[in-house]
Amino acid sequence: VSVRAGNVIGGGDWTVNRIVPDFFKSVKKRQKIVLRNPKSSRPWQHVMEPIYGYIKLSEKLFNNKKYSGAWNFGPRTKNNLKVIDVARYGKSYLKSKSLIKIKKSKLYESTNLSLNSSKSLKLLNWKTRMDAKQALSLSFEWYKFFYKNKSKIKIKEFTFKQINFYKKILKKSK
């Protein structure tokens with residue numbers, strides 16, 4: 001099986017050139033928020049969404065090899081937000097006065113990205129349950145909590161609190 005998820009955000013991601021962690025690093029250091037492609041549109045999803053899809057697929061695959069093959073786990077394009085809108089949402093969420101700086105990228109990046117997840121919807125009944133702003137809120141909450149509470153135990157508890165919140169969303173959507 002090969003699985004792919006697109007435009008995933010969520011707490012604990014420290015990879016360079018990722019909008020949410022880079023945003024927090026800039027705000028924390030009182031630096032400008034640097035954006036490469038502010039008009040690029042992405043269907044953002046919280047990391048718990050594709051993980052739930054991976055678990056559903058794993059359960060099906062365990063009992064039936066017909067679920068072998070390639071799978072996409074991405075939100076519908078109605079979840080798209082431009083990169084600039086993500087930065088503005090974050091500034092508003094944190095009440096930040098940090099300035100946004102646009103930096104020309106030498107690398108090519110597609111203006112619009114999305115995955116066709118119709119197979120996951122049809123065969124697994126998988127779809128994202130949160131819209132992009134809900135996913136962003138959970139992500140921003142996590143990083144905000146992290147920077148205020150360096151205790152690993154508190155961060156772990158907070159992460160489980162977010163997982164339980166997502167489980168409630170799943171129950172409501174059934």
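Student: Let's start with helix α6. How far apart are its end C-alpha atoms, and what span would you expect?

Tutor: Remember that this is a predicted model. Helix α6 covers residues 152-172, which is 21 residues. At 1.5 Å a residue the helix should span 30 Å, and the end C-alpha atoms agree with that, sitting 30 Å apart.

Student: Which residues of α6 are buried, and how wide an arc do they cover around the axis?

Tutor: The buried ones are I155, F158, Q162, Y166, I169 and L170. They lie on the same side of α6, because around the axis they cover an arc of only 135°.

Student: And what covers those buried residues of α6?

Tutor: The face turned away from the buried side carries exposed residues, namely I153, K156, E157, K161, K168, K171 and K172. The cover over the buried residues of α6 includes β5 (45-46), α2 (48-63) and α5 (132-148).

Student: Moving on to α1, residues 19-28: how many of its ten residues are buried?

Tutor: Go through the helix and you'll find I19, V20, P21, F23, F24, S26 and V27 buried. Their cover includes β2 (8-9), β3 (33-35), α3 (83-94) and α5. α1 is mostly covered, and the count of buried residues is seven.

Student: How do α1 and α5 pack, and what is the handedness of the crossing?

Tutor: Their axes are 11 Å apart, at an angle of about 40°. The two helices are therefore oblique to each other. From α1, the contact uses V20, P21, F23, F24, K25 and K28, and from α5 it uses L136, S139, F140, Y143, K144 and Y147. As for the handedness of this α1 and α5 crossing, it's right-handed.

Student: What about α1 against α3: at what angle do their axes cross?

Tutor: On the α1 side the contact involves I19, F23, F24 and V27, and on the α3 side V83, V86, A87, G90, K91 and L94. The crossing of α1 and α3 is right-handed, and the pair is oblique. The axes come within 11 Å, and the crossing angle is roughly 45°.

Student: Then α3 and α5. Which residues make that contact?

Tutor: The axes of α3 and α5 come within 11 Å and cross at roughly 50°, which makes α3 oblique to α5. The crossing is right-handed. From α3 the contact takes V86, Y89, G90, Y93 and L94, and from α5 it takes K133, L136, S137, F140, E141 and K144.

Student: Now some single residues. Is L57 buried or exposed?

Tutor: L57 lies in helix α2. Leaving aside neighbours within four places in sequence, L57 is in contact with V1, V3, Y67, W71, F73 and L124. Its relative accessible area is 3%, and the cut-off for that class is under 20%, so L57 is buried.

Student: How far is L57 from I9, C-alpha to C-alpha?

Tutor: Along the chain, L57 and I9 are 48 residues apart.

Student: What is the phi of R30?

Tutor: R30 counts as exposed, at 76% relative accessibility. Most residues other than glycine have a negative phi. R30 is not a glycine, yet its phi is positive, near 55°.

Student: And how far does R30 lie from Y54?

Tutor: In sequence, R30 and Y54 are 24 residues apart. C-alpha to C-alpha, the separation in space is 38 Å.

Student: How exposed is N125, and where does it lie?

Tutor: N125 also has a positive phi, about 55°, although it is not a glycine. At 48% relative accessibility N125 counts as partly exposed. Its place is the loop between α4 and α5.

Student: Last one: what separates the C-alpha atoms of Y108 and N37?

Tutor: Y108 sits in the loop between β8 (100-102) and α4 (118-124). With a relative accessible area of 73%, Y108 is exposed. Y108 and N37 are 71 residues apart along the chain, and their C-alpha atoms are separated by 9.8 Å.

Methods:
Residues are numbered from 1 along each chain as its sequence is written. This is a predicted model: local features need pLDDT of at least 70, side-chain atom pairs count only at pLDDT 80 or more; totals for chains, interfaces and linings use all residues. Side-chain values use heavy atoms; hydrogens and water are left out. Helices (H or I, at least four residues) and strands (E, at least two) are DSSP runs, numbered from the N terminus. The expected span of a helix is 1.5 Å times one less than its number of residues. Buried means under 20% relative accessible area, exposed over 50%, partly exposed in between (1.4 Å probe, protein chains only). The arc is that of the directions from the helix axis to the C-beta atoms. Contact means heavy atoms within 4.5 Å. Axes are lines fitted to C-alpha atoms, for helices over the stretch in contact, and angles run from 0 to 180 degrees between N-to-C directions. Angles under 35 degrees count as roughly parallel, over 145 as roughly antiparallel, 65 to 115 as roughly perpendicular and the rest as oblique. A crossing is left-handed if the near helix is turned anticlockwise from the far one by less than a right angle, and right-handed if clockwise.
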